[in-house]
Amino acid sequence: MTSVSLYRTASVVFVLFAVGHTIGFLSFTPPTAEGIAVRDAMNNVHFTVGGASFSYGGFYRGFGLSATVSMLFQAFLAWQLGAIVRLAPRAAASIGWGLCVPQLVGFALSCIYFSVGPAFLSLAVAACLGLAAWRSEPRGRAAQPAA
């Protein structure tokens, strides 16, 4: 696969990840009575900060939706890298590596705290971005600056 197709594939996987993440966390139902009690407490216990009322359940939903927005922005960036790589391969590679590393961290976090689904998607995106960035970097004598 070319760098362009790898960046575009990463973008599509990011969108699938964002959709799955959002559906998963918004529709999750705790399987035990204890879990349901925790969810209900998160939604029903309110506290006031700066005159506004908040709940931990609201924080959970807000952070989850923030993660969705971030994934969609990363999808946009990955798609744009598919176009940028033709014009500025070094810049595309640099940004590609910058997007790859957090996905590797996300893979580790998913293995520890989540499940195989998010871990697989993090690893798939990291692999696409890493391979695209590696292929984007100019190699050989022509790639070295003149002395």
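Phe54 counts as partly exposed, at 31% relative accessibility; that label covers the range between buried (under 20% relative accessible area) and exposed (over 50%), using a 1.4 Å probe and protein chains only.

A word on the basis first. This is a predicted model, in which local features need pLDDT of at least 70 and side-chain atom pairs count only at pLDDT 80 or more, while totals for chains, interfaces and linings use all residues. Residues are numbered from 1 along each chain as its sequence is written, and side-chain values use heavy atoms, leaving out hydrogens and water.

Rings of Phe, Tyr and Trp (its six-membered ring) pair if their centres lie within 6.5 Å; planes under 30 degrees apart are stacked, over 60 edge-to-face, and the rest tilted. The count by this rule is 8 aromatic pairs. Two of them involve Phe54:

| Pair | Type | Centre to centre | Angle between planes |
|---|---|---|---|
| Phe47 and Phe54 | tilted | 6.2 Å | 35 degrees |
| Phe54 and Phe59 | edge-to-face | 5.8 Å | 75 degrees |

Both partners are partly exposed too: Phe47 has a relative accessible area of 23%, and Phe59 stands at 35%. Ring pairs join Phe47, Phe54, Tyr56, Phe59 and Phe63 in a cluster.

Elsewhere, the charged end of Arg8 sits over the ring of Trp79, 4.3 Å from its centre (the rule asks for NZ of Lys or CZ of Arg within 6 Å of the ring centre and within 35 degrees of the ring normal).

Over residues 140-147, pLDDT stays under 50.

Methods: pLDDT = per-residue confidence, 0-100. Contact = heavy atoms within 4.5 Å.
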